[in-house]
Amino acid sequence: EKSYIKSAHDVSLGGILTSISKMCIKGNKGVKLKKTKELLNQFEFFFSEDQARYIVEIDKNDYNKVVEILDKNSVYYDELGIVTENDMIIDDKIKITSEELILSNSNWLTNYMST
């Protein structure tokens with residue numbers, strides 16, 4: 001209603017990491033992901049599928065307004081990271097370039113079937 005959401009993607013097929021990768025490719029942007037507040041298992045967190053969760057991109061200037069709305073409505077949320085110009089960086093340990101994301105997305109099935 002207030003146009004705070006710049007982009008969004010469900011966390012169904014492939015989990016958070018797949019959803020964020022698709023958003024990066026579509027938006028031609030990168031992301032710097034950080035550990036969440038209550039991370040139990042990083043693999044489960046990034047790849048668990050759930051139709052009830054969404055990744056929502058908001059402008060940093062709207063962050064406090066969005067948090068206020070979420071808190072007021074008892075909606076659980078976690079800040080996953082920040083949008084960057086390019087590359088996906090996970091916990092300052094793993095870096096995947098934008099080109100690698102696009103190439104993997106475009107060629108994975110062909111590569112899989114040819115092995």
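Colleague: Helices (H or I, at least four residues) and strands (E, at least two) are DSSP runs, numbered from the N terminus. What sits just after α1 with a positive phi?

Modeller: That is N28, whose phi is about 55°. The model is predicted, so local features need pLDDT of at least 70 and side-chain atom pairs pLDDT 80 or more, while totals for chains, interfaces and linings use all residues. Numbering runs from 1 along each chain as its sequence is written, and side-chain values use heavy atoms, without hydrogens or water.

Colleague: How far apart are the end C-alpha atoms of α1?

Modeller: They are 18 Å apart.

Colleague: Which residues of α1 are buried?

Modeller: G15, I16, L17, S19, I20, S21, M23 and C24 are buried (under 20% relative accessible area with a 1.4 Å probe, protein chains only; over 50% is exposed, in between partly exposed).

Colleague: And what covers them?

Modeller: The cover includes strands β1 (5-11), β2 (30-33), β3 (50-58) and β5 (88-90). Helices α2 (42-47) and α4 (98-113) are also part of that cover.

Colleague: Now the core. How many residues has the largest nonpolar core?

Modeller: There are 15 residues in that core (buried Ala, Val, Leu, Ile, Met, Phe, Trp, Tyr and Cys joined through side-chain atoms within 4.5 Å). I16, I20, L33, F46, I55, L80 and M88 have the most contacts inside the core. At least two core residues come from each of α1, β2, α2 and β5.

Colleague: Which element gives the largest share of this core?

Modeller: Helix α1 does, with 5 residues. Two of the residues with the most contacts there, I16 and I20, are also on the list of buried α1 residues.

Colleague: Different topic. Where does A8 lie, and why does A8 count as partly exposed?

Modeller: A8 is in strand β1. Its relative accessibility is 47%, which is why A8 counts as partly exposed.

Colleague: What is A8 in contact with?

Modeller: With neighbours within four places in sequence set aside, A8 contacts M23, I55 and V56. M23 is one of the buried residues of α1, and I55 is also touched by I16.

Colleague: How are the C-alpha atoms of A8 and D59 placed, what separation?

Modeller: They are separated by 12 Å, with A8 and D59 lying 51 residues apart along the chain.

Terms used
The expected span of a helix is 1.5 Å times one less than its number of residues. Contact means heavy atoms within 4.5 Å.
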